[in-house]
Amino acid sequence: MSIRRLLIANRGEIAVRIIRACRELEIESVAVCSTIDARTPHARAADRCVTIGPPRPVDSYLSIGAIIDAARQTGADAVHPGYGFLSENPEMAAACVEAGLIWVGPPADVIARLGSKIEARRLMVAAGVPVVPGDTPHDQSDAGLSDAARRLGFPLLVKASAGGGGRGMRAVGSAHELADAVHSARREALAAFGDGTLYVERLLRRPRHIEVQVIADHEGRVIHLHERECSIQRRHQKVIEESPAPHLSPALRARLTQAAVTAAQAAGYRNAGTVEFLVEDASDRGAPGHDGGHEPVVAFLEMNTRLQVEHAITEAVTGRDLVHAQLAIAGGAPLPWTQEDIQVRGHAIECRLYAERPHEGFIPDAGRLLRFQEPTGPGIRVDAGVATGDTVSTHYDALLAKIVTHADTRDAALARARAALDRLVVLGVRTNARLLSSILSHPRMRAGHVDTAFLESEIDALLADPAGAEDEPGPALALSAALAVHRRLEPGLRPDGSIQTDAAVQDPQDPWTTLGAWRLT
Amino acid sequence: MAADMTTPRRPAATVQTLTRNADAASGQIQIDGVDSPVDVRRLDRDSYEVTIDGHPFEVIVATGPDADWGWVHGRTFRWPHVTQREGTAEALAEDATGAAADIASTMPATVSQLAVTVGQRVSRGDTLVMLEAMKMEIPLRAPRDAHVAAIHCAEGDTVEPGVILVELADVDTSAEGPDG
């Protein structure tokens with residue numbers, strides 16, 4: 001039973017991307033939006049759009065009832081959740097099935113099992129997938145967690161059992177920092193997930209975050225689409241990803257991909273998912289890496305039961321469309337590819353463009369996008385959820401767009417990413433674009449030697465003016481001159497782009513108008 | 001609030017001549033620090049080619065409610081309007097001349113932690129309220145030494161931008177009362 005009309009229960013770039021797949025597959029698309037999103041790209045792109053509630057996510061994009069109602073009202077036969085919002089909510093998956101809708105994702109019980117860090121961990125241990133040493137004490141009091149921490153040793157991580165996306169997670173270097181970390185992690189976990197259960201886990205030293213894309217059909221066949229390096233993170237939010245992971249030995253790559261397939265099989269997985277691992281390189285601990293006695297440590301981190309933000313780099317290097325495959329499998333088709341079909345060609349990099357102020361503690365930025373212009377060219381893919389004139393709100397995730405570049409080699413993909421960022425124009429809202437460029441130019445990034453500590457440890461240098469570019473006066477002079485002319489040509493220009501008519505005094509047909517000196521302050 | 005790192009000094013520019021017709025415009029501009037006049041040619045509504053000492057720059061401009069913006073060869077500039085202040089907690093606090101200072105949220109957020117009580121003395125930089133928005137914890141800090149005069153929020157509240165969450169009063173004023 002293939003899908004005819006798909007409701008996309010999301011917003012922003014991922015909704016736009018899924019709607020594009022619908023057009024390519026001749027599936028009718030139904031968007032949903034909150035009241036402030038009615039004129040955004042995802043609402044425009046779909047065949048139909050239903051306004052499901054007020055801006056607050058709990059009243060709209062997180063409202064299972066409103067989304068099911070929208071699906072019924074529009075005659076949709078399937079729901080794609082995207083990522084975030086309800087994508088890993090087992091109640092949503094169950095509600096869709098109860099309403100007779102196809103859920104584009106794994107069954108509710110699989111989501112629930114993998115969504116609990118504790119249960120997922122038990123499952124992986126039983127299946128022989130390596131995990132990070134850790135403990136969930138039955139005694140969840142401060143004293144109970146303290147005892148568990150002492151048994152495990154420092155440094156460690158305090159994590160929310162129900163957590164994700166870095167929320168309810170704290171790194172603890174030594175015993176005297178533990179109490180504060182437990183309190184704030186518990187508070188954040190309760191606020192975010194309504195569940196304050198915590199566990200403690202060994203903190204690996206400068207690990208890499210490497211994940212494997214898997215996909216499974218309803219017959220239980222599982223294949224992988226190779227790995228992604230996601231070590232460039234800030235507070236557990238990914239910033240730049242690439243595929244394949246650099247400097248990965250064939251043996252280690254095989255261990256990771258095999259462990260991912262085993263994990264998916266053990267979980268009874270269906271549709272597209274991602275198995276995340278931490279990899280601690282033995283050579284990074286000062287041990288000789290060539291004597292064969294120091295295998296890198298590989299540890300299962302979690303399994304994400306949905307499409308990932310960074311799926312586009314996998315699509316670039318494998319030449320396969322993951323959303324097409326998701327929709328086919330959800331409609332009952334077998335896996336469209338065998339493992340042998342999946343070959344990696346070249347190298348792909350993804351830069352995540354966030355609306356934020358890196359120089360002011362990375363607080364989210366908001367406002368009207370006065371101009372948003374994407375870079376184009378061979379090997380450049382931009383998945384954007386915004387357009388010129390849109391208002392960026394802090395109600396939602398700060399991700400504006402993903403800039404994905406693909407080339408034959410890693411060096412060429414990096415150079416292409418730098419060139420693409422130079423052609424990206426975002427005016428009206430502050431972004432991390434310059435930081436992205438600085439990261440791409442950093443010697444360790446160029447060399448491919450990054451780990452999850454890289455961004456935090458190098459952040460000051462990365463935010464400093466690279467190569468004294470501020471000292472070069474030309475661009476500022478050019479802008480000042482252009483703004484002086486612009487003000488004269490658009491004397492009634494209002495910030496919202498409208499023209500104040502009483503100020504528009506010049507006859508536009510007058511071919512020569514010489515004006516007196518006018519000083520821009 | 002410190003200037004953007006991406007915002008060097010804004011050079012003063014004077015329009016000398018401006019030529020335009022229905023679909024094109026160009027001008028000669030005198031800029032402080034540049035000896036000869038600069039040529040500016042409009043490419044489309046918001047795009048210009050600016051030639052300085054024979055070197056052409058592609059420039060895209062925009063004017064927002066609180067700043068002028070520009071993109072020049074891969075660099076982005078944000079020049080705040082001189083007469084406008086940013087609506088940050090620090091700016092709001094500085095604007096409140098005299099003893100009082102109001103601390104407001106700058107965005108829709110949830111109060112995740114209230115770190116002070118009424119009457120408490122706080123030092124410059126102390127966290128007053130912890131907000132959570134878009135997966136981030138954002139501290140609102142005291143702009144100077146003061147005491148907490150009033151609190152208008154509770155943990156778990158959803159707050160909108162501009163809503164005053166905490167009122168601060170000057171330490172000395174409260175200790176001594178109004179003088180004659």
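This is a predicted model: local features need pLDDT of at least 70, side-chain atom pairs count only at pLDDT 80 or more; totals for chains, interfaces and linings use all residues.
1. Let's start with a helix pair in chain A. H6(A) goes past H9(A) in a right-handed crossing. The helices in question are H6, residues 117-127, and H9, residues 250-266; their axes come within 10 Å and cross at roughly 115°. That angle makes H6(A) roughly perpendicular to H9(A).

2. Who does the touching there? On the H6(A) side we have Leu123(A), Met124(A) and Ala127(A), and on the H9(A) side Thr262(A), Ala263(A) and Ala266(A). Sorted by class, this contact has five nonpolar residues, one polar and no charged ones.

3. The next pair is H4 (residues 90-98) and H5 (residues 108-115), also in chain A. Their axes are 8 Å apart and the packing angle is about 180°, so H4(A) is roughly antiparallel to H5(A). H4(A) brings Pro90(A), Ala93(A) and Ala94(A) to the contact, where they meet Ala108(A), Ile111(A), Ala112(A) and Gly115(A) of H5(A). The class count is six nonpolar, one polar and no charged.

4. Staying with H5(A): its buried residues are Val110(A), Ile111(A), Arg113(A), Leu114(A) and Gly115(A). Note that an arginine, Arg113(A), is on that list. The cover over these buried residues includes H4, H6 and strand S14 (297-304) of chain A. Both H4 and H6 have come up already: H4(A) through its contact with H5(A), and H6(A) through its contact with H9(A).

5. H10 of chain A, residues 311-318, is worth a look in the viewer. This helix is mostly covered, with eight of its eight residues buried. They are His311(A), Ala312(A), Ile313(A), Thr314(A), Glu315(A), Ala316(A), Val317(A) and Thr318(A). Glu315(A) and His311(A) are therefore among the buried residues, given that each needs 20 or more other C-beta atoms within 10 Å to be counted that way. Just after the helix, Gly319(A) takes a positive phi of about 70°.

6. Now a loop residue. Thr197(A) sits between helix H8 (178-193) and strand S9 (198-202) of chain A. Is Thr197(A) buried or exposed? It counts as buried, because it has 20 C-beta neighbours inside 10 Å, and 20 is the cut-off. Setting aside neighbours within four places in sequence, Thr197(A) is in contact with Gln140(A), Ser161(A) and Ala162(A). There is also Gly163(A), which is 34 residues away from Thr197(A) in sequence, with 9.5 Å between the C-alpha atoms.

7. Compare that with Leu25(A), which lies in helix H1 (residues 12-25) of chain A. Leu25(A) is partly exposed, as 17 other C-beta atoms lie within 10 Å. Beyond neighbours within four places in sequence, Leu25(A) is in contact with His324(A) and Leu327(A). Leu327(A) is 302 residues away from Leu25(A) along the chain, yet their C-alpha atoms are separated by 9.2 Å.

8. On the overall layout, chain A is divided into domain 1 (5-104), domain 2 (133-202), domain 3 (208-468) and domain 4 (482-521). Between the C-alpha centres of domain 1 and domain 2 of chain A there is a distance of 35 Å.

9. Finally, chain B. Its secondary structure comes to two helices and 15 strands. Chain B has 180 residues, of which 32% count as buried. Looking at chain B contacts between residues at least 6 apart in sequence, 39% join residues at least 24 apart.

Note on methods. Residues are numbered from 1 along each chain as its sequence is written. Chains are lettered from A and ligands numbered from 1 in the order in which they are written. Axes are lines fitted to C-alpha atoms, for helices over the stretch in contact, and angles run from 0 to 180 degrees between N-to-C directions. Helices (H or I, at least four residues) and strands (E, at least two) are DSSP runs, numbered from the N terminus. Angles under 35 degrees count as roughly parallel, over 145 as roughly antiparallel, 65 to 115 as roughly perpendicular and the rest as oblique. A crossing is left-handed if the near helix is turned anticlockwise from the far one by less than a right angle, and right-handed if clockwise. Two residues are in contact if their C-beta atoms, placed from the backbone, lie within 7 Å. Ala, Val, Leu, Ile, Met, Phe, Trp, Tyr, Cys and Pro count as nonpolar, Asp, Glu, Lys and Arg as charged, and the others, Gly among them, as polar. A residue is buried if 20 or more other C-beta atoms lie within 10 Å of its own, exposed if 12 or fewer, and partly exposed in between; C-beta atoms are placed from the backbone. Domain bounds come from an automatic or database domain assignment.
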